Each structure stands twice: as C-alpha cells, then as structure tokens.
Amino acid sequence: MIKKIGDKNKQIMYEDGLPDAIKINELTSERDEHRRVIENLTKLEPERKAFRLIGGVLVQRTVGEILPIVQTNFEGIKEIIVKKNKEK
C-alpha cells in the first residue's frame, strides 16, 4: 500500500524508497542468519557432517567445506547492505 503524500515529488520518493527499505530489511535478516550459522559451525569439528540447502536441494558436506562458503556469502551480504544504504 502506498501512502498518499500531498507533494507529488515526495510521493515518488516514498514509492522509490520503499522497495529499497524492504530489500535492506531482507538482507539484514539474511546477514543475521548467516552470522548465527557461522557462530555455530565454528564450534564444531571440520570433519563433522553438515547439510546445506542449495536451490531447494539438501546437500551433505562437512563443516570444513561449508563454513568458508557461508563466510564468503556473509561478507557479500554485508557489502550489499552497505552499498544499498549509501544509495539512499
């Protein structure tokens, strides 16, 4: 739902800003989820079995294989959030 604002320019800014705010919120949630996964995986032995959901398929790997991938994704998400916040 788009909130009606008197000035047409303000309304356009509101409409343009809303999708960015939603995306930033989604990315922030995803970043926090990656952080929790990293915190838990670092406590485990690298040889231990771990499962990762890739494109709807559950894949079995080891903690040692999955942890670097999750850390890379975490850093990428953080960079995107910073870029999106600068664009605002």
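Biologist: Let's start with burial: what percentage of the 88 residues in the protein do buried residues make up?

Modeller: Buried residues make up 18% of the 88. Buried means under 20% relative accessible area, exposed means over 50%, and partly exposed is in between, with a 1.4 Å probe and protein chains only. Before we go on, this is a predicted model, so local features need pLDDT of at least 70 and side-chain atom pairs count only at pLDDT 80 or more, while totals for chains, interfaces and linings use all residues. Residues are numbered from 1 along each chain as its sequence is written, and side-chain values use heavy atoms, leaving out hydrogens and water.

Biologist: And the surface: how much accessible surface does the protein have?

Modeller: Areas come from the Shrake-Rupley method with a 1.4 Å probe, and for residues only the protein chains shown count as cover. Here the total is about 7,000 Å², with 54% of that belonging to carbon and sulfur atoms.

Biologist: Which pattern does the protein follow along the sequence?

Modeller: Helices (H or I, at least four residues) and strands (E, at least two) are DSSP runs, numbered from the N terminus. This protein has two helices and two strands, and they come in the order α-β-β-α.

Biologist: Now contacts. Of those between residues at least 6 apart in sequence, what percentage join residues at least 24 apart?

Modeller: A contact is a pair of heavy atoms within 4.5 Å. Of the contacts you describe, 43% join residues at least 24 apart.

Biologist: Take isoleucine 38: which residues does it touch, not counting those up to four places away in sequence?

Modeller: Isoleucine 38 lies in helix α1 and touches Leu67, Val70, Gln71 and Phe74. At 13% relative accessibility, isoleucine 38 counts as buried.

Biologist: How far apart in space are alanine 21 and asparagine 85?

Modeller: That pair is 64 residues apart in sequence, and the C-alpha atoms are 8.9 Å apart. Alanine 21 is also in helix α1, but this residue is partly exposed, at 36% relative accessible area.

Biologist: On to charges: how many salt bridges does the count come to?

Modeller: The general idea is that side chains of opposite charge can pair when their charged atoms come close. The rule for a salt bridge is a side-chain nitrogen of Lys or Arg within 4 Å of a carboxyl oxygen of Asp or Glu. The count comes to four.

Biologist: Which residues are linked in a network of salt bridges?

Modeller: Arg31, Asp32 and Arg35 are. Aspartate 32 meets arginine 31 at 3.1 Å, N to O, and arginine 35 at 3.2 Å between the closest N and O atoms. Aspartate 32 and arginine 35 are about one helical turn apart because they sit three residues apart in helix α1 (residues 8–41). Aspartate 32 is partly exposed at 23%, and so is arginine 35 at 34%.

Biologist: What does glutamate 75 form with lysine 78?

Modeller: Those two form a salt bridge, with the closest N and O atoms 3.5 Å apart. Again the spacing is three residues, about one helical turn, this time in helix α2 (residues 63–87). Glutamate 75 is partly exposed at 38%, and lysine 78 is too, at 32%.

Biologist: Last one: which residues form a nonpolar patch on the surface?

Modeller: Patches are made of residues with over 30% relative accessible area and no salt bridge, where like charges are joined within 9 Å and nonpolar side chains (Val, Leu, Ile, Met, Phe, Trp, Tyr) within 5 Å. Here Phe51, Leu53 and Leu58 form one, with about 360 Å² of accessible area together. Phenylalanine 51 is in strand β1 (residues 49–54).
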